[in-house]
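Keep the viewer open as you read.

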Amino acid sequence: MIEIQNLSKSFGHPVLCDVSLVVPMGCLYGLIGPGASGKSVLLKMITGLMRPDTGSVSVDGQNVQALTDIELASFRLKFGMLFQNNALFDFMTVADNIAFPLRRMLEVPEAEIRQRVEERLRAVSLGGFGERAPSGLSGGQKKRVGVARATVTRAPIIFYDEPAAGLDPVTSQKIFDLLRDEQRRAKQTVIMVSSDIDRLLTVTDRIGMMYRGSLVFDGTTDEALHSEDARVKQFVHGLTEGPL
Amino acid sequence: MNGTAALALAPLTRARDALYDLAGTMGQMGIVAARIVLRLVHVDLDGRELLRNLYKMGVKSLPIVVVTALFTGAIMVIQAAPIVQRYGAQGLLGWGAGFGTLREIGPLLTALMISGRVGANNTAELGTMTVTEQIDALRALAIDPVAFLVVPRFIAIVATLFFSTLYADALALFGAAYAGDALIGVEPMTFYNGLVSGLLGIGDVMNGLVKSVIFGIMIGLSSCHFGLSVTGGAPGVGRAVNATVVTSAAGIFVVDYLVSFLLG
């Protein structure tokens, strides 16, 4: 379980304001909100990549802020993460990018690494792309490589920051379905940030909405769809009239 | 404070701010240095990354070092030619070229070339990795970016500069010997005799090599520091590269002065 209490962060201007949230184990949680509302920063706080000014984050009972650098390193083995900009390593091939966490974090035998990399590439419809350089891929292909790398370690908690950005509708739906199937099969706890609200709502268990650094909604997907909160209603249904 | 007083104090205020910036940069470079030393003490670095960077920084810099060194030797002969010819001091050409090259020109020009090629490139790479979240991705994968990226690059830069200086010294003397023959008729053997006549010693070679290591540390620290502290996307990377080139070049001259003063 991920438990966030009164989290605040400022970079000269407030980015997170007193955010409290609980994500139950095995839940696929969708985090939505307009740009620059603090969604990506919140994900980085949970993994300990950023420190909050106030408040606390606890994952499976471990207080993230209390961990030393060495403890944080082993703590992060619990996570897989897809970054908004994909964050593929330019100096490695696609296959090496996907294999990287297996080689560096888990010391898996090389034969198994090759087999898992191939399986991941096929899962994101990129079979045969292993020897290409990331710079030679389209935005959507890079995103899919990012998804493959985030999921290759079979970590129990996975964060996807815009997993479908730059993808065509068909591939986008395939990726959402794939992530949902894997989440169910492996009983992962997933937080998914996406602007593709229509598809996101087809896979999530719960939804949280961030607005100007605050969590303004937290509830089930059904509750989000029928929310009377003007901000949630406008954002979820893509209305042009409203407070946003 | 009224407007006139503020205007009068503006240069002082700018000087104070510049001093604060300089102190801040020095402090941050000190922190990067401490992190590198800590990893070196624990031999915590990535061997594959080290080899990759040694090849990319060292081997691929050879052409630029060769061209710079050969022409540097030849230029020194052109500058010395009028005096050598006027006083018939052909026998001192080897000593003069050797003294200037080994102690000063060899390490200095090699450092400036490596700073422009390797230091700037290193900052651009690390800066791009920072703004595209690749550094965060490493940390998310439980990998220490300092051990994985910074330490191998730092070692590669220092080693590149040390060996490039050795190579450049030899090539510059070679260039000077043959330029002396071609331009003012000083035979290579006369040049060689001047070089090994006893006026030059191992201390002169070591003087230049000690400088090359210190210059390497300077370039390594500034390029890694500015690369890792990039903010503001692609324009930020450009600013960081500019800062690295300026800081490294200015630092090389300041450090050169101090080391020359201390080592004599």
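This is a predicted model: local features need pLDDT of at least 70, side-chain atom pairs count only at pLDDT 80 or more; totals for chains, interfaces and linings use all residues.

Setting aside neighbours within four places in sequence, A:Tyr160 is in contact with A:Leu82, A:Ala150, A:Leu179, A:Val190, A:Met192 and A:Val193. In this model, two residues count as touching when their C-beta atoms, placed from the backbone, lie within 7 Å.

Now widen the view to the nonpolar core. The largest one has 125 residues, and A:Tyr160 and B:Ala176 are the residues with the most contacts inside it. Which element gives this core its largest share? That is helix H6 of chain B, residues 145-184, with 18 residues. Apart from this core lies another one, of 7 residues, which includes B:Phe226, B:Val237, B:Val241 and B:Val245.

Back in chain A, strand S7 spans residues 157-161 and runs parallel to strand S8, residues 189-193, with 5 bridges joining the two. You can pick out one of the pairings by eye: A:Ile157 has A:Thr189 in S8(A) as its bridge partner.

These two strands belong to an open sheet of 6 strands in chain A, ordered S6-S7-S8-S3-S9-S10, and the pairing is mixed. Where does the sheet end on either side? Strand S6 (79-82) and strand S10 (214-220) of chain A stand at the edges; each has a single partner strand, so one side of each is left without a neighbour in the sheet. As you look across the sheet, neighbouring strands are turned by 15 degrees against each other on average, direction ignored.

Along the principal axes, the C-alpha atoms of chain A fill a box of roughly 50 × 45 × 35 Å. Of its 244 residues, 44% count as buried. Among the chain A contacts with a separation of 6 or more, 62% come from residues 24 or more positions apart.

Finally, turn to the place where the chains meet. Here 10 residues of chain B are in contact with 17 residues of chain A. The chain B side of this meeting has 5 nonpolar, 2 polar and 3 charged residues.

Notes: Residues are numbered from 1 along each chain as its sequence is written. Chains are lettered from A and ligands numbered from 1 in the order in which they are written. Ala, Val, Leu, Ile, Met, Phe, Trp, Tyr, Cys and Pro count as nonpolar, Asp, Glu, Lys and Arg as charged, and the others, Gly among them, as polar. Two strands pair if DSSP finds at least two bridges between them. Helices (H or I, at least four residues) and strands (E, at least two) are DSSP runs, numbered from the N terminus. Axes are lines fitted to C-alpha atoms, for helices over the stretch in contact, and angles run from 0 to 180 degrees between N-to-C directions. A nonpolar core is a set of buried Ala, Val, Leu, Ile, Met, Phe, Trp, Tyr and Cys residues joined through C-beta atoms within 7 Å. A residue is buried if 20 or more other C-beta atoms lie within 10 Å of its own, exposed if 12 or fewer, and partly exposed in between; C-beta atoms are placed from the backbone.
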